[in-house]
Amino acid sequence: MAIGFRHHLQQQLHRLAVNAARPFVSWTEPWEDVDPVSFFMLGPSCGFRERFFWSDRSGGTILVGLGSAYAIETEKADGRFHEVESGRRRWEKEIESYGEAAAPPLLFGGFSFDPHRPRTDIWRGFPAGKLVAPAALLAVRNGRTTLTVTVPTDRGEREWGRIGRLLERMDECAAVPARLPRLVSDKEEEKERWLAAVREAIASIRAGALDKVVLARARRLAFAGTVDAAAVLMRLREQQPFAYLFAFEQDGRCFIGASPEQLVQKEGETCRSVCLAGSVRRGAAMEEDERLGAWLQADRKNGEEHEFVVQMIGRLFSSVCETVEMPPAPQLLKLPHIQHLCTPVVGRGCRERSVLRLVEMMHPTPALGGTPRDRALEVIRSLEPLDRGWYAAPIGWVDSEGDGEWAVAIRSALLAGNEAVLFAGCGIVADSDPNSEYEETNVKMAPMLSALGVMNDG
Ligand SMILES: C=C(O[C@@H]1C=C(C(=O)O)C=C[C@H]1O)C(=O)O
Ligand SMILES: [Mg+2]
C-alpha cells in the first residue's frame, strides 16, 4: 500500500507544485494504523531535524509533526504574539492546500516564559516565539487519522527525499524506542539560594508589594548515554494518561512534558480555560488520599493561591466573551502524583478571532507568574536563579480559522544529549512556608523523574 500511495502522493504533489501559483502546496490523505509515537520516532532517521508531539488531555486530538516546511520565528520581546499572528495570516496566503483537507496545515509551537530575560545556552534553538508548519503532519482527530505533506514548490524535489523515506518506513512494524540510560549525576540547582528567594518573596508579599509570585527551580540530571525523547514520551503516555503530552525538538534538543494545565482553547466562538493552582500530594491509601484532598479544599493558603487565578481568568474571559461559566468553588483534580484545586472556565460568544490573541492576554496567568502580573515578573527576574526558557510558557497549536488549543508547559524537562534539566515551581503567597513549597516542587518533578526512569512510581 505504501508504495502505491507514495507514487500517488508524489504524482499529485509534483503536478500541483508545477502548476502552483503560491510558494507552498500541501496534500492531505486519510491514513490508518500508525502509532503516533512510532511516527515521531521516524523523524531523525528520515533526515528531519525538527519534530513535535502533542496529545490533548483526552487523547482525542494527537498531532505529530516532522520537519519544518515553514517556520515563523520571533525574538521580539514586545509584540511577539502580534508578529506570530501576522506570520500566521501570511502563511495562509502562501499555500495551496488539496486533498481531504483543503485548508492550510495548522501551525504548532510555543513561546518563552519571559522574553525580557536574557537567554542562556541551554535554551539554544528556543526563541521568544516559534511556530512551525511541519513537512509531514500526522493528525488524529475524532478517531480519524490523516497525513498532510507540505512542500515548497521551488525545492519540492529536495524535500521529497525525506518524505519518500518517511513513507517507505511508515509501513514497517512499530519502532521500538531506545532504552533509557543509567543516571550518573543529579544536581539540585542551588537549593539554599532558592529557599532564600522564597523567604524574600514572602517578606515582599507580607510588606504589601504584591499578592502572589510563582518561583521555580531546576534540577539537572546527567545520564550514561543519550536520553531518547521517544522513550520518554512513551513512558509519559502510559504514566500520565490525563495530561497534555508535548514535545518540541530542535536539532536534537527536546523540550518535553506532561502538563495538566490548559491555558486556553478556542473553538469557533467558544473558549475554555482551567484555573489550576493549590496542590497537595496523593495519599498512599484511599483514606489518606481523601483526607489530603479534603484538607486541600479547606486550606486557606491554597485557596488564596487558587483564587488569584480564578479572579484573573474570570475577568479576562468576561472582557472578551458574552457569557462566562465557572463553578462557584474549586474542584479537585487528581493526577498520579499530585492533586490540585481546579476551576474550569467556559466563555461563549468570544469576540477574539485568533487563539493567539487569547494566549497573549492570558500569559502568564497568576498560576505561573503571579499577581499583579508586572510586579510578579519583576520579582521572578530578580529572585529566581534560573532561565525558564519555554518552561511555564504557552505551547500548542493554531489552525487557519484561528482556532486551537494551548497548554502551559509545566511538569517538563529539556533533554539535550546525555542531560535532562527538570523544572518545577510553586505559588508563593503571604502564608507560604519555604520548606513546604520546596517539597511541593519535588512532588511536581516526580512525573518527569518517573518517565526518565529515575524514580520508581509510587
Ligand atoms: C508552576 C507549576 O505548577 C503550577 C503551580 C501550582 C501550585 O503552586 O499549587 C499548581 C499548578 C500549576 O499552576 C509547576 O508545576 O511547575
Ligand atoms: Mg502551590
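Student: Which domains does the domain assignment give for this protein?

Tutor: The assignment gives domain 1 (2-170) and domain 2 (183-243 + 260-451). Keep in mind as we go that this is a predicted model. The C-alpha centres of the two domains lie 28 Å apart. Their contact draws 29 residues from domain 1 and 32 residues from domain 2.

Student: Which elements supply the side of domain 1 that touches domain 2?

Tutor: Helix H2 (36-46), strand E2 (50-55), helix H3 (80-94) and strand E6 (107-111) each supply at least two residues of that side. H3 gives the most, with five residues. By class, this side of domain 1 has 18 nonpolar, three polar and eight charged residues.

Student: Why is Val-345 called buried?

Tutor: A residue needs 20 or more other C-beta atoms within 10 Å of its own to count as buried. Val-345 has 22 within that distance, so Val-345 is buried. The residue sits in strand E18 (residues 338-348). Leaving aside neighbours within four places in sequence, Val-345 is in contact with residues including Arg-272, Ile-313, Phe-317 and Met-326. Arg-272 is 73 residues apart from Val-345 in sequence, yet their C-alpha atoms are 5.6 Å apart in space.

Student: And why does Ala-207 count as exposed?

Tutor: Here the cut-off is 12 or fewer C-beta atoms within 10 Å. Ala-207 has 9 C-beta neighbours inside 10 Å, so Ala-207 counts as exposed. You will find Ala-207 in the loop between helix H5 (191-206) and E11.

Student: How do you know that the buried residues of H9 line one face of the helix?

Tutor: In helix H9 (residues 355-362), the buried residues are Val-355, Leu-356, Leu-358, Val-359 and Met-362. Seen down the axis of H9, they fall within an arc of 155°, so they line one face. As background, an α-helix has 3.6 residues a turn, so residues three or four places apart point the same way. The buried residues of H9 pack against H3, strand E14 (262-267), E15, helix H8 (300-320), strand E20 (394-398) and strand E21 (404-408).

Student: What makes H2 mostly covered?

Tutor: Nine of the eleven residues of H2 are buried. Among them are Phe-39, Phe-40, Met-41 and Leu-42. Gly-47 follows H2 and has a positive phi, near 95°.

Student: Are Asp-251 and Ala-392 buried or exposed?

Tutor: Asp-251 has 10 other C-beta atoms within 10 Å, so Asp-251 is exposed. Ala-392 has 27, so Ala-392 is buried.

Student: Where are the peptide bonds described as cis?

Tutor: One joins His-363 and Pro-364, with omega about -10°. Another runs from Thr-371 to Pro-372, with omega near -15°. Pro-364 lies in the loop between H9 and strand E19 (370-371), and Pro-372 lies in the loop between E19 and helix H10 (373-383).

Student: Finally, how many residues surround ligand 1?

Tutor: There are 19, and the closest are Ser-279, Ala-367, Ile-410, Gly-425 and Gly-427. Strand E11 (212-223), strand E15 (270-281) and strand E23 (419-428) each supply at least two residues of this shell. By class, the shell has ten nonpolar, five polar and four charged residues.

Technical notes. Residues numbered from 1 in each chain as written. Chains lettered and ligands numbered in written order. Predicted model: local features only at pLDDT ≥ 70, side-chain atom pairs only at ≥ 80, totals over all residues. Near = placed C-beta within 6 Å. Helix = DSSP H or I, 4+ residues; strand = E, 2+ residues; numbered from the N terminus. Nonpolar A, V, L, I, M, F, W, Y, C, P; charged D, E, K, R; others polar. Domains from an automatic or database assignment. Contact = placed C-beta atoms within 7 Å. Arc of directions from axis to C-beta.
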